[in-house]
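This report covers helix packing and nonpolar cores. Please read it alongside the sequence and the model.

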Amino acid sequence: MDSKSQIYELYSMIFNEKPDDATLESLLNTFNQQNNSTDNLENYLRDSDKFKKLSIELEKELEVAELYYILLNRKPDIEGLSFFKNQLVNENKSIEWVKESIINSDEYKSK
């Protein structure tokens with residue numbers, strides 16, 4: 001497998017998206033500077049701000065999902081999960097706010 005293919009595959013695996021051409025070229029330069037080591041490139045990607053943001057979002061999704069299971073006895077739907085994650089990540093709401101929102105929902109009250 002050539003270098004670009006390795007980088008493309010690694011990036012896709014970590015971020016679940018395709019790198020654009022500029023990103024791919026930048027990562028190829030980094031890869032070459034790090035002795036063509038995929039381990040070093042993986043560490044570089046996992047130390048990036050993009051990965052840190054992704055990790056925070058995933059953590060928030062798990063917290064929301066846990067509340068759905070505890071309070072509503074079901075997994076969250078995509079819309080609810082997305083809404084509450086956005087509130088936590090972008091609107092600086094607390095997990096307690098999410099809990100109260102679920103408790104005040106018609107679905108919870110009708111249980």
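## Basis

Contact here means heavy atoms within 4.5 Å. This is a predicted model: local features need pLDDT of at least 70, side-chain atom pairs count only at pLDDT 80 or more, and totals for chains, interfaces and linings use all residues. Residues are numbered from 1 along each chain as its sequence is written, and side-chain values use heavy atoms, without hydrogens and water.

## The α5–α6 pair

Helices are DSSP runs (H or I, at least four residues), numbered from the N terminus. From α5, Phe-83, Phe-84, Gln-87 and Leu-88 meet Ile-95, Trp-97, Val-98, Ser-101 and Ile-102 of α6. Seven of the residues in this contact are nonpolar, two are polar and none is charged. Nonpolar covers Ala, Val, Leu, Ile, Met, Phe, Trp, Tyr, Cys and Pro; charged covers Asp, Glu, Lys and Arg; the others, Gly among them, are polar.

Helix α5 spans residues 78–89 and α6 spans 95–103. Their axes lie 9 Å apart, at an angle of about 145°. Axes are lines fitted to C-alpha atoms over the stretch in contact; angles run from 0 to 180 degrees between N-to-C directions.

## Gln-87

Gln-87 sits in α5. Its relative accessible area is 11%, so Gln-87 is buried (under 20%, with a 1.4 Å probe and protein chains only). Beyond its neighbours within four places in sequence, Gln-87 touches Asn-92, Lys-93 and Trp-97.

## Nonpolar cores

A nonpolar core joins buried Ala, Val, Leu, Ile, Met, Phe, Trp, Tyr and Cys residues through side-chain atoms within 4.5 Å. The largest has twelve residues, including Ile-7, Ile-14, Leu-28 and Phe-51. Helix α1 gives the most to this core, five residues.

Note on methods:
Helix = DSSP H or I, 4+ residues; strand = E, 2+ residues; numbered from the N terminus. Buried < 20%, exposed > 50% of the residue type's maximum accessible area, 1.4 Å probe, protein only.
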